[in-house]
Amino acid sequence: MITISETAQSHFAKLLADQTEGTNIRVFVVNPGTSQAECGVSYCPPDAVEETDIRLPFNGFDAVVDEESAQFLDEAEIDFVTDKMGTQLTLKAPNAKAKRLKDDASLAERVEHMLTTEVNPQLANHGGQVSLVEITVDGIAVVQFGGGCNGCSMIDVTLKEGIEKEMVAKFEEITGVRDITEHQAGEHSYY
């Protein structure tokens with residue numbers, strides 16, 4: 001599930017040597033499966049381990065992961081790197097913002113995954129998001145915008161030149177995209 005480099009394991013072992021005996025590290029995701037997902041690492045004292053937690057053994061310590069975060073930490077990598085700027089602990093979790101797709105995922109699941117992982121992080125810069133409502137029998141992906149996208153004067157460009165072009169290129173079953181949002185311009189709108 002999680003790969004921790006040898007240098008990161010040594011770093012954690014040094015840090016844990018100054019903690020209460022039996023303390024491990026906890027790796028977690030806040031807001032998992034959303035565009036606001038954030039990963040973190042903290043100390044995990046022995047009395048903070050839950051029955052449902054997953055324990056991953058490493059060199060001199062365990063990485064403890066809560067049940068909810070586990071699926072979003074698949075393929076995560078923790079490293080401890082040294083460069084011109086000094087040393088830094090890095091945590092890369094490519095599946096934190098969305099659950100990993102199964103090989104037999106439906107078209108709707110694949111489209112929703114694309115929106116969650118590729119489109120919504122860009123829209124989040126403007127305080128917006130988009131979600132899939134349905135896919136019609138003729139291949140039209142029906143979407144709904146929210147947040148800063150609702151009422152935005154650039155929504156048609158975002159829809160046709162951004163989302164639709166990407167979606168049609170990625171999924172041969174999709175023939176177009178239609179927005180069903182009842183746009184109401186206001187202070188929440190980005191433009």
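Q: Why is C149 called buried?
A: In this predicted model, C149 has a relative accessible area of 6%, and because buried means under 20% relative accessible area, with exposed over 50% and partly exposed in between (1.4 Å probe, protein chains only), C149 counts as buried. C152, at 11% relative accessibility, counts as buried too.

Q: What makes the contact of R55 and D62 a salt bridge?
A: A salt bridge is a side-chain nitrogen of Lys or Arg within 4 Å of a carboxyl oxygen of Asp or Glu, and the side chains of R55 and D62 meet at 3.0 Å, N to O. Of the two partners, R55 is partly exposed, with a relative accessible area of 42%, while D62 counts as buried at 18% relative accessibility.

Q: How do you know that the pair of K170 and E118 links distant parts of the chain?
A: The closest N and O atoms of this salt bridge are 2.4 Å apart. K170 lies in helix α4 (residues 155–170) and E118 in helix α3 (residues 107–124), 52 residues apart; helices here are DSSP runs (H or I, at least four residues) and strands likewise (E, at least two), numbered from the N terminus. K170 is partly exposed at 45%, and E118 counts as partly exposed at 29% relative accessibility.

Q: Where do E161 and K165 lie?
A: Both residues lie in helix α4, four residues apart, which is about one turn of the helix, and they form a salt bridge whose closest N and O atoms are 2.9 Å apart.

Q: How many salt bridges does a search of the whole structure find?
A: The search finds six salt bridges, among them the pair of E161 and K165.

Q: What do these values rest on?
A: Residues are numbered from 1 along each chain as its sequence is written, and side-chain values use heavy atoms, with hydrogens and water left out. Because the model is predicted, local features need pLDDT of at least 70 and side-chain atom pairs count only at pLDDT 80 or more, while totals for chains, interfaces and linings use all residues.
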